[in-house]
Amino acid sequence: MGGRYRRGMLHRAAALDLADHPGTGPRTELVRLAEHGRLDFVTLDDPGGPPGPETLDLVSAMAAATRRIGLVPRGAATSGLLDRVAQGRAGRWIEAPDAGVGSGAGEAGRAAGVAEAGEVPFPAGELGDRPVDGAGARDEGACPDPSYRLTPLHLVDASNRGARALAARYADVALVRAATPAGAAAVREELRVRAAKSGREPGAPRVLVSLRVDLGGGECAAEPGHGGGGPRPTAQGPLYRGGPVDLADLLAAWHCEGAADGFHLVPVEPRRDLERLVNGTVALLQHRGLFRTFYPGGTLREHLGLARPAPHVPGPKKTPHTKRWNGMAIDAFDAWKQWREKREESVTAPYGPLALTGTHWIEDQPEGRLPDIPGIWLADGEGIVLTAAEGEGLQVDRRPFAGEIRLTADTGPEAAARVSLGEKRLVVLVREGSWGVRVYDPGAEARRAFRGIAATEYDPGWSVPGRFTPYEAQRVLRLGNADGRTRGFALAGELSFTLAGRERTLAVARQGGGPLWAVFADATSGDTSFRFRFLYPQAPDAQGRTTVDFNRAQLPPCAFADHFLCPLPPPGNTLDTAVEAGERTLS
C-alpha cells in the first residue's frame with residue numbers, strides 16, 4: 001500500500017465538544033479514552049466564553065490525568081502555560097482572522113498572534129517563556145524542562161482559501177474539510193507549494209482531513225454516499241455516517257491515495273462515537289499496520305514526526321537552586337512520569353500481560369490436547385515433546401512445523417517464543433518440575449478493553465531511605481500463588497525503613513546483584529487498591545542503603561490476566577498503614 005505522500009502510518013486526532021459535558025470528570029474520561037486509542041491529539045472547544053482561567057484549569061486537569069496525548073484548545077491565551085504543564089504536549093489552535101483582500105501571511109499572522117522570526121511568540125500579557133514572580137523577575141527554576149519553552153504546536157483550519165497563506169507559513173498542522181480525496185489532495189499540494197516558497201522544510205505542514213463522523217449505526221455498512229463514494233457534504237462540513245469497519249476502509253484508502261497525512265475526526269455524539277472509533281476503527285487500522293500501537297515519544301511534535309523548534313536561549317543564570325514544580329523535585333517527578341509511561345507501554349504491548357489468555361499445565365492434560373491449540377503436547381521430564389501434523393498451522397522458529405520436536409522453557413521475551421499459531425505466541429514454562437504452555441494473543445479482549453492504570457499522583461513523601469539486611473542464607477517459604485497453588489519463594493533478606501513515623505520491615509527477594517523485590521499488602525489492599533502489589537527498590541549499595549519509593553508500587557501481572565502465578569505476600573509483609581501511592585487498580 002503506497003501513495004505519493006505516504007510516509008508510513010497515518011496520524012489521527014479527534015475533536016471533543018466540551019459544551020455538552022459539564023464538569024472535569026466526563027471530559028477527562030473522553031480524553032483518556034482517546035489516549036487509550038493512541039490518538040496524536042484532541043482538539044478542545046472552549047467550555048464557554050473567551051479563553052481564560054477556566055479553560056486553563058480544565059485543560060491543566062486533563063494534562064495531569066494523561067501522559068502522552070496532545071491537547072489543543074481553541075484560543076491563544078492558554079497555550080504557553082499549558083505547554084509547560086503538559087511538558088511538550090500542548091498545541092495552539094490559531095483562529096485565522098479576516099485579513100482582507102491583499103493582506104499577506106505576515107499581517108494575518110500578526111493579527112492571529114503568531115510571531116515573526118525573533119518576536120516573542122505569545123501576545124502581550126501572556127507568560128510566554130518563564131513564569132513571573134511577585135517582584136516581576138523571571139523564575140528560571142519554575143519550568144520543568146527549558147526545552148519545552150515556547151514550543152506549542154500551531155494548528156490552523158485551512159479549509160477556507162483565505163487561511164491558507166497563514167497555514168502554509170506558520171502551521172505545524174493544517175485541517176482541511178474535504179468531501180473527496182481529490183479535493184483534500186489539491187489543498188495539501190497548495191499548502192506545500194506555499195510552504196516551500198516561505199522557506200519551510202518539505203512536508204510542512206502536516207495536513208489532516210477533518211471529517212464529522214456519526215457511528216450510531218454501529219456495525220452497519222456506510223449509508224449511500226457515506227462509504228465508498230466518500231463522505232457527504234453538509235453545512236457543518238463533510239459527514240460520514242456508518243460503522244467503524246467501513247470508516248477504517250475509507251481512511252486507509254484516502255491515506256494511501258496521498259490525500260492527507262491523517263485525519264481529524266469530529267464525533268457527532270462524543271461519548272458514543274469516540275468509543276466506537278477507538279475500539280473499532282483504530283483497532284482495525286492498528287491490525288493493518290496503518291496506525292501506531294504505542295506513542296513514539298513524549299511530546300506532541302514527536303507524535304507527529306515534527307522537529308522541535310530551536311530551544312529558548314536564557315539570559316544570565318541566577319543563583320542555582322533546586323528546580324521544583326508544584327512543590328516537588330522535578331527530576332524525581334519526571335523520572336516517575338517516565339516510569340509510568342514505560343509501564344503502560346509494557347502492559348499494552350502486543351505480548352504484554354494483557355495478552356495472556358491461558359496457562360495450561362501439561363499434567364492436567366493427560367492426552368496432550370490443549371484447549372483451542374493444535375498438536376499433542378506431552379512432558380517427558382526434560383521438556384515438552386510437541387507433535388504436530390501438516391496443516392494444523394503451528395510454526396516453530398517462524399516456519400511451518402510438522403513432525404516431532406522437544407521444547408525447553410522459553411527464557412526470552414514472550415514475542416520471541418519459538419512456537420506460534422498465527423499471531424499467538426505459545427510460551428513454554430516450567431515451575432518446580434511442572435511443564436506448561438502460556439498462550440499470548442495480541443487480539444485478547446482484555447487488551448482491547450484496557451482503559452489504563454489508576455495511580456496516585458507522585459508524592460515525594462512516599463519515597464524514603466531504606467536499608468537491606470541480607471540473610472545468612474536464602475530462606476525458601478511455601479507461599480500461596482494467585483492460581484491457587486502453593487510454590488516455593490526464595491527470600492534474600494529484610495528491607496527496613498521508616499513510614500508514618502514507625503520503623504517497618506518487608507521480607508524481600510533478590511536475583512543476583514539486581515533490584516530487590518517486595519510482595520506486599522497494606523490497609524488499602526482489596527479496597528481502594530488491588531489485593532497486593534509489587535515493589536522493586538533499586539539495588540542496595542555496599543552498606544545496604546537503597547530507596548523505598550512507594551510511588552512506584554505496581555500492580556502484579558495477575559491484576560491484568562487471571563492466568564499468572566503471582567506469589568502472595570509472605571507473612572509479615574502486610575503493612576497496617578494505608579499506602580496511598582503508586583498504581584492502585586485498573587481504570
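1. L499 belongs to strand β23, residues 486–499. Helices (H or I, at least four residues) and strands (E, at least two) are DSSP runs, numbered from the N terminus. Leaving aside neighbours within four places in sequence, L499 touches W462, R504, F550, T577 and V579, where contact means heavy atoms within 4.5 Å. V579 is 80 residues from L499 along the chain, and the two C-alpha atoms are separated by 9.5 Å.

2. A word on the model before going further. It is a predicted one, in which local features need pLDDT of at least 70 and side-chain atom pairs count only at pLDDT 80 or more, while totals for chains, interfaces and linings use all residues. Residues are numbered from 1 along each chain as its sequence is written, and side-chain values use heavy atoms, with hydrogens and water left out.

3. Now the chain as a whole. It comes to 11 helices and 28 strands, and 51% of its 587 residues count as buried. Taking contacts between residues at least 6 apart in sequence, 66% join residues at least 24 apart.

4. Two residues deserve a look for their backbone angles. Most residues other than glycine have a negative phi. A500, although not a glycine, has a positive phi of about 55°; A500 sits in the loop between β23 and β24 and, at 59% relative accessibility, counts as exposed. D372 also takes a positive phi, near 60°. The loop that holds D372 runs between β12 and β13 (376–379), and D372 is exposed too, at 73% relative accessibility.

5. Helix α6 spans residues 181–197, and its 17 residues reach 24 Å from the first C-alpha to the last, close to the 24 Å expected at 1.5 Å a residue; the expected span is 1.5 Å times one less than the number of residues. Which residues of α6 are buried? They are A184, V187, R188, E190, L191, R192 and A195. Their cover includes α5 (164–170), β6 (173–176), β7 (206–214) and α7 (244–256). Just after α6 comes G199, with a positive phi of about 85°.

6. Next, a sheet to trace on screen. Six strands make up an open sheet with antiparallel pairing, in the order β12-β20-β19-β18-β15-β16; two strands pair if DSSP finds at least two bridges between them. At the edges are β12 (356–361) and β16 (399–400), each pairing on one side only. The pairing of β15 (residues 394–396) with β16 is antiparallel and has two bridges. V396 has R399, in β16, as its bridge partner.

7. The largest nonpolar core holds 55 residues, of which L71 and L274 touch the most other members. Helix α7 gives the largest share of this core, six residues. Another core, of 20 residues, lies apart from it and has L491, A509, A521 and C558 among its members. A nonpolar core is a set of buried Ala, Val, Leu, Ile, Met, Phe, Trp, Tyr and Cys residues joined through side-chain atoms within 4.5 Å.

8. The largest pocket has a volume of about 1,200 Å³. On a 1 Å grid over the protein atoms alone, a pocket is an open set of points with protein on both sides within 12 Å along at least five of seven lines, a cavity is a set where a 1.4 Å probe fits but cannot get out, and lining residues have an atom within 4 Å of a point. Grid points are joined across faces, edges and corners, and a volume is the space filled by probe spheres set on the points. Of the 40 lining residues, R431, W517, F534, Y536 and P567 are the closest to the centre of the pocket. The elements that each supply at least two lining residues are α10 (330–348), β19 (424–431), β20 (434–440), β23 and β24 (502–510). Strand β19 provides the largest share, five residues.

9. What lines the largest cavity? The lining consists of E35, R38, R67, R68, F294, Y295, E341, E344 and E345. The largest share of this lining, three residues, comes from α10.

Conventions: Buried means under 20% relative accessible area, exposed over 50%, partly exposed in between (1.4 Å probe, protein chains only).
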